[in-house]
Amino acid sequence: MPFSSLRFGYFCDFHPRFVSGLDRSWQRPPGVLAKLVDSKAKKGMYYIEYTLKNPGESERHLYSVLGIANNGWYNRLYTLTGQYIDEESEKYRSEIEKVC
């Protein structure tokens, strides 16, 4: 996906690094397992859906939106993340998708 943005660099490079940086499933003993579900770039913002699973816990679904704004002096990174556990998917998924 050759989409690029001057704000974050190349999108196809950013989203896999974002999620793989959270993955600790390779450790001994295994830690958090992180998987990328979906991602897109739109209007200078990145939208990332991913899952996290701690050993012995329910899988969590997360939706993150990342964007940068400049006030004339400084760049500021803004993020919004919504999450729900797998068992509560029917209850929260549509609401979190609307917000993010």
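Reader: How many salt bridges does the count come to by this rule?

Author: A salt bridge here is a side-chain nitrogen of Lys or Arg within 4 Å of a carboxyl oxygen of Asp or Glu. This is a predicted model, in which local features need pLDDT of at least 70 and side-chain atom pairs count only at pLDDT 80 or more, while totals for chains, interfaces and linings use all residues. Residues are numbered from 1 along each chain as its sequence is written, and side-chain values use heavy atoms, with hydrogens and water left out. By this rule, the count of salt bridges comes to 3.

Reader: How many residues apart in sequence are the parts that Arg 93 and Glu 49 tie together?

Author: The side chains of Arg 93 and Glu 49 meet in a salt bridge, at 3.6 Å from N to O. Helices (H or I, at least four residues) and strands (E, at least two) are DSSP runs, numbered from the N terminus. Because Arg 93 lies in helix H2 (residues 89-99) and Glu 49 in strand E4 (residues 45-53), the separation of the parts they tie together, in residues, is 44.

Reader: Is Glu 49 buried or exposed?

Author: Buried means under 20% relative accessible area, exposed over 50%, and partly exposed in between (1.4 Å probe, protein chains only). Arg 93, at 29%, is partly exposed, whereas Glu 49 has a relative accessible area of 10% and is therefore buried.
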